[in-house]
Amino acid sequence: EYAWSSGAVDCPAEEGNSAMIATRAIRMLDEAQRTGDPFFLHVAIDDPHPPYFVPPPYDTLVDPADVELPELPTETEQPAWQICVHQEGRTDLASEGDVRQLIAVYYGMIAYANDQMRRIYYALRERGLLEDTWIIIGSDHGAYAGEKGMFAKTESLYECLLHVPLIIVPPAGSSARPLTGELVPGLVNTIDLFPTILGIAGLPVPEYAQGHDLVHWVQSGAREPLHDCLFAQVGDYHGYLGTTYPTGMPASGRHPGLLQGARTLETSYVHDPDYGDEAYDLRTDPTEIRNLLGNGGKEIPAEVARLRERVSEFQRECLRLREELGVVPGDRGFTKGWE
């Protein structure tokens, strides 16, 4: 009922969604191995994801008292739409204990997902498949889990929603193995996965690909950054869905205009045609609370102005590619009744 609801699912851990998905994946490994052909297996594990409920004992794996609460903005520091999100999710009814419990359960959901991935890993090892199988762990988006006083997600471009895990494990017999454990600083993007997977498969990367082969970059010994900044966009929603709690987002978290943003390790900038642009100093304000462009009339920092121009360049590049490739925009599922 509330965005911050959390607790236990009334079923054994081995019967939860993520466990059943892992079981299905292991069965598919057997089917793939019987063919003797190369295979690509995409396993979409549910956890962690709203609603924040997980089978025992994962719901009590983390003590809520040990949870560190996120820094919260004042009402004057928040865009108007975030205040509406608080009202829809009934944040006002959530006690500190409720938020601590939700975050603790969220961590338990991560542990549950980790255990299911361990099952798949052991299945690969038992079948002798680790010698020539690449493993890539990623995610589609993050979650607020209490940051900014919000839960689940919204159509926004904040660090907690954009900064997702990315782990690439080479095969046990790969020449890339000696690089395991080395720290390579720099920005990477989920668009890099497309050319990376093509490179692993020994296939050519199309000229239109906007990403880079991460494995080639690491193996080449190059330490020049692949990206000087990262881009993201979301919104432009004109569908019929309103609030989709407990799994989705509040209606006030959807944006009719297209949000476009760029970020470096130091600064983030978001162009928001609906509620005004935002920019944050990630060194001093990593949870993006104090908008450098708030209250109007402020001088735009040079780094923010540069990112704003880079967003415009990115938009022009995407429009050029759309024209060259003949991409036809789809209806994005906005035909009434699809939901």
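At what angle do helix α1 and helix α3 pack, and how far apart are their axes? This report on a predicted model starts with that pair and then moves on to the core, the loops and the backbone.

## Two helices side by side

Helix α1, which covers residues 17–35, packs against helix α3, residues 96–126, at an angle of about 15°, and the axes are 9 Å apart. Angles under 35 degrees count as roughly parallel, so α1 and α3 are roughly parallel to each other. Their crossing is right-handed.

On the α1 side, the contact is made by Asn-17, Ser-18, Ala-19, Ala-22, Thr-23, Ala-25, Ile-26 and Leu-29. Facing them from α3 are Tyr-112, Gln-116, Arg-119, Ile-120, Ala-123 and Leu-124. Sorted by class, this contact has nine nonpolar, four polar and one charged residues. As a reminder for reading such lists, residues three or four places apart in an α-helix point the same way, because there are 3.6 residues a turn.

## The largest nonpolar core

Let's turn to the core. The largest nonpolar core has 30 residues, and Tyr-52, Leu-102, Tyr-144 and Phe-151 touch the most other members. Two or more residues come from each of β2 (52–54), α2 (80–89), α3 and α4 (159–162). Of these elements, α3 gives the most, with eight residues.

Beyond its neighbours within four places in sequence, Leu-102 is in contact with Ala-3, Trp-4, Ser-5, Ser-6, Tyr-52, Ala-145 and Phe-151.

Are they buried or exposed? The cut-off for buried is under 20% relative accessible area, so Ala-145 at 11% counts as buried. Gly-146 is buried too, with a relative accessible area of 3%, and Ala-152 is buried with a value of 3%.

Gly-146 is in contact with Pro-70, Leu-72 and Phe-151, leaving aside its neighbours within four places in sequence. The C-alpha atoms of Gly-146 and Trp-4 are separated by 8.1 Å, although these residues are 142 residues apart along the chain.

## Backbone details to check

Most residues other than glycine have a negative phi, and most peptide bonds are trans. Against that background, Ala-145 has a positive phi, near 50°, and Ala-152 has a positive phi near 60°.

Two cis peptide bonds also deserve a look. One runs from Asp-47 to Pro-48, with omega near -5°, and Pro-48 sits in the loop between α1 and β2. Another joins Tyr-245 and Pro-246, with omega about 10°; Pro-246 lies in the loop between β5 (230–235) and β6 (258–263).

Which residues of helix α5 are buried? In this helix, residues 193–200, they include Leu-193, Pro-195, Thr-196 and Leu-198. The elements covering the buried residues of α5 include β3, β4 (167–169) and α6 (214–219). Just after α5, Gly-202 takes a positive phi of about 75°.

Asp-92, finally, is found in the loop between α2 and α3. Exposed means over 50% relative accessible area, so Asp-92, at 56%, is exposed. Asp-92 and Gly-149 are 57 residues apart in sequence, and their C-alpha atoms are 9.4 Å apart in space.

How values were computed: Residues numbered from 1 in each chain as written. Predicted model: local features only at pLDDT ≥ 70, side-chain atom pairs only at ≥ 80, totals over all residues. Heavy atoms only, no water. Axes fitted to C-alpha atoms, helices over the stretch in contact; angles between N-to-C directions. Helix = DSSP H or I, 4+ residues; strand = E, 2+ residues; numbered from the N terminus. Parallel < 35°, antiparallel > 145°, perpendicular 65-115°, else oblique. Left-handed = near helix turned anticlockwise from the far one by under 90°. Contact = heavy atoms within 4.5 Å. Nonpolar A, V, L, I, M, F, W, Y, C, P; charged D, E, K, R; others polar. Core = buried A, V, L, I, M, F, W, Y, C linked by side-chain atoms within 4.5 Å. Buried < 20%, exposed > 50% of the residue type's maximum accessible area, 1.4 Å probe, protein only.
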